[in-house]
Every structure is written in C-alpha cells, then in structure tokens.
Amino acid sequence: MTVLDSPIPRFHLAMPVDDLAAARHFYGETLGLEQGRSADTWIDWNLHGHQFVTHLAPARAQRIHNPVDGHDVPVPHFGLILTVPEFQKLAERLRAASTTFVIEPYVRFEGQTGEQWTMFLLDPAGNALEFKAFADDSQVFAV
C-alpha cells in the first residue's frame with residue numbers, strides 16, 4: 001500500500017518562510033523531501049505523502065514556548081510521527097548536516113504513558129519542527 005492508498009487522510013499545511021532559496025535547501029537537501037510544483041512565492045513539498053507548502057511571507061509573529069518534560073517547546077510547531085528506525089536515521093542525517101537543535105533527540109516521558117523519542121529544530125525561517133517516534137504506536141493517543 002502506498003501513502004496515496006492509505007485510509008488515513010493526508011494533511012495540507014502551508015507555512016511562512018522569509019527566503020525560498022533557504023527553504024528549498026533545507027527541505028530539499030537537509031530533510032531530503034521531494035519538491036513538487038512551485039512558483040515565485042511558494043514551493044510544494046512531499047512530506048511523507050502529506051502536502052506541505054512553504055509560502056514566501058517575510059513578516060513573522062512572536063515566538064511562544066510551553067514547558068514539557070523539562071524543555072521549552074516552541075509553539076506553534078509541526079512534524080511527523082515516524083518509526084523509531086526512521087527517527088534515528090533522520091536524527092543522524094540532521095547531525096551530519098550540522099543542524100542546531102532546539103531540543104536534541106531524546107526519549108521523552110521515559111518509562112511513562114506516552115514514552116516517545118522526540119527532537120525539535122527550526123527551519124531557516126524560524127518555523128519549529130518536531131519529529132517523534134513511539135516504540136509502541138498504541139501510546140500515540142494514550143492518556
């Protein structure tokens with residue numbers, strides 16, 4: 001089954017960036033996403049089957065952080081829930097690209113409900129991304 005055949009609906013997300021060339025390098029080269037259509041003011045990306053679009057928008061809003069598990073989590077943020085091997089592979093790729101992490105890859109809520117690997121980073125425009133992985137997928141929505 002491909003992502004296009006998945007019974008789970010795919011999302012569309014548009015995020016502001018202040019430099020399309022920097023976005024193209026970060027999302028295309030650093031993260032390795034496939035580029036789709038583009039114009040002078042936007043670029044479509046294939047984010048594991050989801051349509052993610054970077055739109056040129058130089059004005060930025062103020063940053064907010066919320067405390068989670070002893071870390072200041074940037075809000076808003078977006079990302080993917082990966083498998084643990086995919087998470088580790090992406091973390092290695094980001095380290096090899098000398099990525100500065102907002103929150104380094106680590107296990108959050110270790111030994112508790114919702115235990116997960118997580119990492120936070122910023123794209124060149126300052127958009128916060130979180131990638132996470134659960135060893136047990138039943139914990140994604142556990143309370």
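Leaving aside neighbours within four places in sequence, P124 is in contact with D18, A22 and F26, where contact means heavy atoms within 4.5 Å. P124 itself lies in the loop between β9 and β10, and here helices (DSSP runs of H or I, at least four residues) and strands (runs of E, at least two) are numbered from the N terminus. This is a predicted model, in which local features need pLDDT of at least 70 and side-chain atom pairs count only at pLDDT 80 or more, while totals for chains, interfaces and linings use all residues. Residues are numbered from 1 along each chain as its sequence is written, and side-chain values use heavy atoms, with hydrogens and water left out.

With a relative accessible area of 43%, P124 is partly exposed; the term covers the range between buried, under 20% relative accessible area, and exposed, over 50%, with a 1.4 Å probe and protein chains only. The loop between β9 (116-122) and β10 (128-133) also holds N127, which counts as buried because its relative accessibility is 4%. The side chain of N127 reaches the backbone oxygen of P16 at 2.6 Å.

An open sheet of four strands has the order β1-β4-β3-β2, with mixed pairing, two strands being paired if DSSP finds at least two bridges between them. At its edges are β1 (12-17) and β2 (34-39), each of which pairs on one side only. From one strand to the next the twist averages 25°, with axes taken as lines fitted to C-alpha atoms, for helices over the stretch in contact, and angles running from 0 to 180 degrees between N-to-C directions. Strands of a sheet pair through backbone hydrogen bonds, either parallel or antiparallel. Strand β3 (residues 42-47) and β4 run antiparallel and are joined by six bridges; I43, for instance, has T54 in β4 as its bridge partner. Helix α1 packs on this sheet, touching β1, β2, β3 and β4, and its direction makes about 10° with that of β3.

A search of the whole structure finds five aromatic pairs, where rings of Phe, Tyr and Trp (its six-membered ring) pair if their centres lie within 6.5 Å, and planes under 30 degrees apart count as stacked, over 60 as edge-to-face and the rest as tilted. One of these, between Y27 and F52, is tilted, at 5.0 Å centre to centre with 50° between the planes. The pair links distant parts of the chain, since Y27 is in helix α1 (residues 20-30) and F52 is in strand β4 (residues 50-56), 25 residues apart. Both Y27 and F52 are buried, and they belong to one aromatic cluster formed by F26, Y27, W45, F52 and F78.

The backbone deserves attention at several loop positions. Most residues other than glycine have a negative phi, and most peptide bonds are trans. D69, although not a glycine, has a positive phi of about 50°; its place is in the loop between β5 (64-68) and β6, and D69 counts as partly exposed because its relative accessible area is 35%. F109, also not a glycine, has a positive phi of about 55°; F109 sits in the loop between β8 (101-108) and β9 and, at 24% relative accessibility, counts as partly exposed. A cis peptide bond, with omega about 0°, joins V75 and P76, and P76 is placed in the loop between β6 (71-75) and β7 (77-82).

How values were computed. A polar contact is a pair of N or O atoms within 3.5 Å; within protein, one must be able to donate a hydrogen and the other to accept it, and residues adjacent in sequence count only if both atoms are side-chain atoms.
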